[in-house]
Amino acid sequence: MEHTGICFIEETTIAGTNHVANIHEIARQIPRDAQLTLEHDDRNPYDPWAVRVLDGQGNRLGYVSCDCNEVVARLLDGGKRVMGRLRHIANVEAWTRIEMGVFLYD
């Protein structure tokens with residue numbers, strides 16, 4: 001996919017990576033600037049605006065941060081093509097911090 005989308009979230013940290021088994025191994029295999037799939041998880045019992053973040057292999061990385069997930073979920077529900085783009089991965093002690101930008105392709 002080309003980088004012609006509109007970046008409406010420059011950088012956000014993917015939430016919940018510490019709940020993903022083998023996240024260190026999964027993250028190590030993601031290419032820099034990789035496209036990430038976003039899916040509204042409207043059956044999530046903890047957050048009705050939860051948006052899953054998946055890598056190119058379909059592995060769950062975590063969720064869009066709750067400070068911006070409602071906008072992303074509403075766009076996805078409205079049929080818009082919204083994708084993540086990997087920005088940065090860092091290991092902070094036992095935590096794998098994954099940052100992404102969010103783009104609208106319309």
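Buried here means under 20% relative accessible area. All views show a predicted model.

**View 1. The buried face of helix 2.** Helix 2 spans residues 69-77, and its buried residues are Asn69, Val72, Ala73 and Leu76. Seen down the helix axis, these residues fall within an arc of 100°, so they line one face of helix 2. An α-helix has 3.6 residues a turn, so residues three or four places apart point the same way. The buried residues of helix 2 pack against strand 1 (6-13), strand 2 (35-40), strand 3 (51-54), strand 5 (81-92) and strand 6 (95-105). Just after helix 2, Gly79 has a positive phi of about 85°.

**View 2. The largest nonpolar core.** This core has 24 residues, of which Leu38, Val53, Leu61, Val64, Val72 and Met100 touch the most other members. Two or more residues each come from helix 1 (23-28), strand 2, strand 3, helix 2, strand 5 and strand 6. Strand 6 gives the largest share, four residues.

**View 3. The surroundings of Val53.** Leaving aside residues up to four places away in sequence, the residues that Val53 touches include Ile14, Leu36, Leu38, Leu61, Tyr63, Val64 and Met100.

**View 4. Strand 5 and its partners.** Strand 5 pairs with strand 2 in the antiparallel sense over three bridges; Gln35 has Arg85 of strand 5 as its bridge partner. Strand 5 also runs antiparallel to strand 6, joined to strand 6 by 11 bridges. Here the bridge partner of Leu86 is Met100 in strand 6. The hairpin of strand 5 and strand 6 has two residues between the strands, and in this hairpin Glu93 takes a positive phi near 55°.

Note on methods
Residues numbered from 1 in each chain as written. Predicted model: local features only at pLDDT ≥ 70, side-chain atom pairs only at ≥ 80, totals over all residues. Heavy atoms only, no water. Buried < 20%, exposed > 50% of the residue type's maximum accessible area, 1.4 Å probe, protein only. Arc of directions from axis to C-beta. Contact = heavy atoms within 4.5 Å. Core = buried A, V, L, I, M, F, W, Y, C linked by side-chain atoms within 4.5 Å. Pairing = 2+ DSSP bridges.
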